[in-house]
Amino acid sequence: MDSALYREQILEHARRPRNSGRVAAPDAQAVVNNPLCGDELEATLTLADGCIREVRFLVRGCAIAQASASLTSLLVQGLAPDRVAQLGRALRAALEDPDAALPPELEPLAALTAVRQHRSRVRCALLAWDALAACTAPAAAESGGV
Amino acid sequence: MGPERIRQDFPIFQRVINGHPLAYLDNAATTHKPRAVIAALSDFYAHHNANVHRGVHTLAEEATDRYEQARAKAARFLGAASPDEIVFTRGTTDGINLVARAWGRRLRPGDEIVLTELEHHSNIVPWQLAAAGSGARLRYIPLAADGTLDLDAAQRLIGPRTRLLAVTHTSNVLGTVTPLERLIGWAHAQGALVLVDAAQAMLRGRPDVTRLGCDFLACSAHKMFGPMGIGILYGRAALLEALEPVDGGGGMIAVVSEQSSTWRESPARFEAGTPDVAGAVGLSAAMDYVLSLDAAAIAAHEAALTARALAALGGLRGVRVFGPPAGTGRASVVSFAVAGIHPHDVAQVLDEQGVAVRAGHHCCQPLMRRLGETATVRASFAPYTLPEEIDRLAAGIRLAQQIFGHG
């Protein structure tokens, strides 16, 4: 069955997500939402020597969000939070701008670039990275409500 | 006039989407526009463009005439007693916000606004904002298990503290049609006012405000073949006349002095600034188009489509359909979930087959929580929907189940 967006790697990671769930005693955690669909993703991680030692994602979301979290969890282990933030910005640029190239370090996430053709799904692919950013820079203030 | 003939009036159906003819099943979000509406917009800008209520020149007179003719037509369309009861807004959301801000100033601590669990965010959040400033509180009529309102609970909730009942005519998620006559009777017996959210009603059992006896009613042009960005707020004349404006500016004042101003009569009082005149002209053409259709034939067509969809989806393994059963007067809006596949993924696979549906919370998060879902897939029909498009929907769902390994 041929689908432009749902390539085999995406489907496989969506069906059998790696590092799914929660880390037992996290050093940092964050929950992010996708206001478009109400999806929710929680990141929990432990740090060692200033680098991510273990990260897990609990995803209540679509196949893209699930697969992205799974692929991302494999990529960011051992990286410093600053480097993760840099990569997150580079991934966002690569998904939002069709002319931007994916940096070699993000090559394992290449399957996600199919969302470039589907503007509404970019946020799904970035949800795990939004959660990582919130974990490492939790100061971003939530705006008010009634 | 069948759907095949109606489709000929809509240029959008010439589109090919991902190699397939467009099967547009997202009519609860917005309907497509017939050539007559597109032409009316273009004709206004090409031949009559001017600001309204401000000039004595010929074009200004023509623009004003067309704008006010649209208002008079809207009054007749909704069964209002007078064009003075019709305020042009940006849409249903804007109309509800206008009432919440203008009438909401009367709320006092202890007052209650009664809503239902079916409401769209646009008929919840404006009341939260009004309540937050006044100490009033919101109460919700719950749903019964079949997706209709729990009327015993409604009777208990509508009481002496109720100042307003704000209720949808037709649920944009479940297709539930609310028993407005009874609810309005109960509210009025308690001295409360009633606002009807008629966003989904204009092609599905269009209400007559006089027969219904509601106090306010809000709707949008774009869900009845008209342009986006314009809508109608109906308000009983005596009520509108007693309300203070919410937006200040040109067109709504009688006299402006340095420290204070006086207002024009309603509805002008509520239309500050240059209105969407072309939008009103397009809305007028949309109302003409709706009136040119055979209402009984359309109702029968949509009932048949709904029954076909409920049967087709109900027959698919792993598909759970929400809302009232077939044959209960439910509207042509069908929400469902596919086991193991996120609604966005279902909608994406359908789009690859040229089938346009909505996936998400449909601006109804409280209702989603009530259903135990964060999102659903929704198919919604219109007079131009073909029965075979429902078959394409069912085939697309089976395809999604194959792709995601749940088939």
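I began with the term domain: the domain bounds used here come from an automatic or database domain assignment. On that basis I noted that chain B is divided into domain 1 (3–30 + 294–403) and domain 2 (37–291). I also recorded that this is a predicted model.

**Entry 1. The two domains of chain B**

I looked up how far apart the two domains lie. The centres of domain 1 of chain B and domain 2 of chain B, taken over C-alpha atoms, are separated by 28 Å. I then turned to the contact between them, to which domain 1 of chain B gives 24 residues and domain 2 of chain B gives 23 residues.

**Entry 2**

I followed strand S17 of chain B into its sheet. The sheet is open, has four strands in the order S13-S14-S17-S16 (chain B), and pairs in the antiparallel sense. Which strands stand at the edges? I found strand S13 (319–321) and S16 of chain B there, each with a single partner strand, so one side of each is left without a neighbour in the sheet. Neighbouring strands of this sheet are turned by 30 degrees against each other on average, direction ignored.

I next examined what packs on this sheet. Helix H11 (residues 295–314) of chain B touches S13, S14 and S17 of chain B, and its direction makes about 10 degrees with that of S14(B). Helix H12 (residues 343–352) of chain B also packs on the sheet, touching S14, S16 and S17 of chain B. The direction of helix H12 of chain B makes about 160 degrees with that of S16(B).

**Entry 3. S17(B) and its partners**

S14(B) and S17(B) run antiparallel and are joined by four bridges. In this region I noted that B:Val333 stands opposite B:Ser380 in S17(B). Strand S16 (residues 358–360) of chain B pairs with S17(B) over three bridges, again in the antiparallel sense. I located two bridge partners in S17(B): B:Val377 for B:Ala359, and B:Arg378 for B:Arg358. As a general point, strands of a sheet pair through backbone hydrogen bonds, either parallel or antiparallel.

Is S17(B) mostly covered or mostly open? I found it mostly covered, with five of its five residues buried. B:Thr376, B:Arg378 and B:Ser380 point one way from the strand, whereas B:Val377 and B:Ala379 point the other way.

**Entry 4. B:Glu117**

I then selected B:Glu117, which lies in the loop between strand S5 (112–116) and helix H5 (125–132) of chain B. Why does B:Glu117 count as partly exposed? I found that it has 18 C-beta neighbours inside 10 Å, whereas a buried residue needs 20 or more and an exposed one has 12 or fewer. Leaving aside neighbours within four places in sequence, I listed the contacts of B:Glu117 as B:Tyr140, B:Ile141, B:Pro142, B:Leu143, B:Pro366, B:Leu367 and B:Arg370. One of these, B:Ile141, is 24 residues apart from B:Glu117 along the chain, and their C-alpha atoms are separated by 6.1 Å.

**Entry 5. Chain A**

I turned to chain A and recorded four helices and three strands. Along the sequence, chain A follows the pattern α-β-β-β-α-α-α. Its C-alpha atoms fill a box of roughly 40 × 40 × 30 Å along the principal axes. For 146 residues, a compact globule would have a radius of gyration near 15 Å, and the 15 Å of chain A agrees with this. Of the 146 residues, 40% count as buried. Among contacts in chain A between residues at least 6 apart in sequence, 62% join residues at least 24 apart.

I also looked up A:Arg116, in the loop between helix H3 (81–96) and helix H4 (122–136) of chain A. A:Arg116 counts as partly exposed because it has 16 C-beta neighbours inside 10 Å. Not counting residues up to four places away in sequence, A:Arg116 touches A:Leu95 and A:Pro98. The C-alpha atoms of A:Arg116 and A:Leu95 are separated by 5.4 Å, with the two residues 21 apart along the chain.

**Entry 6. Chain A against chain B**

Lastly, I recorded the contact between the chains, which takes 18 residues from chain A and 20 residues from chain B. The side of chain A that touches chain B has eleven nonpolar, four polar and three charged residues.

Notes:
Residues are numbered from 1 along each chain as its sequence is written. Chains are lettered from A and ligands numbered from 1 in the order in which they are written. This is a predicted model: local features need pLDDT of at least 70, side-chain atom pairs count only at pLDDT 80 or more; totals for chains, interfaces and linings use all residues. Two residues are in contact if their C-beta atoms, placed from the backbone, lie within 7 Å. Ala, Val, Leu, Ile, Met, Phe, Trp, Tyr, Cys and Pro count as nonpolar, Asp, Glu, Lys and Arg as charged, and the others, Gly among them, as polar. Two strands pair if DSSP finds at least two bridges between them. Axes are lines fitted to C-alpha atoms, for helices over the stretch in contact, and angles run from 0 to 180 degrees between N-to-C directions. The radius of gyration is taken over C-alpha atoms; the globule rule is 2.2 Å times the number of residues to the power 0.38.
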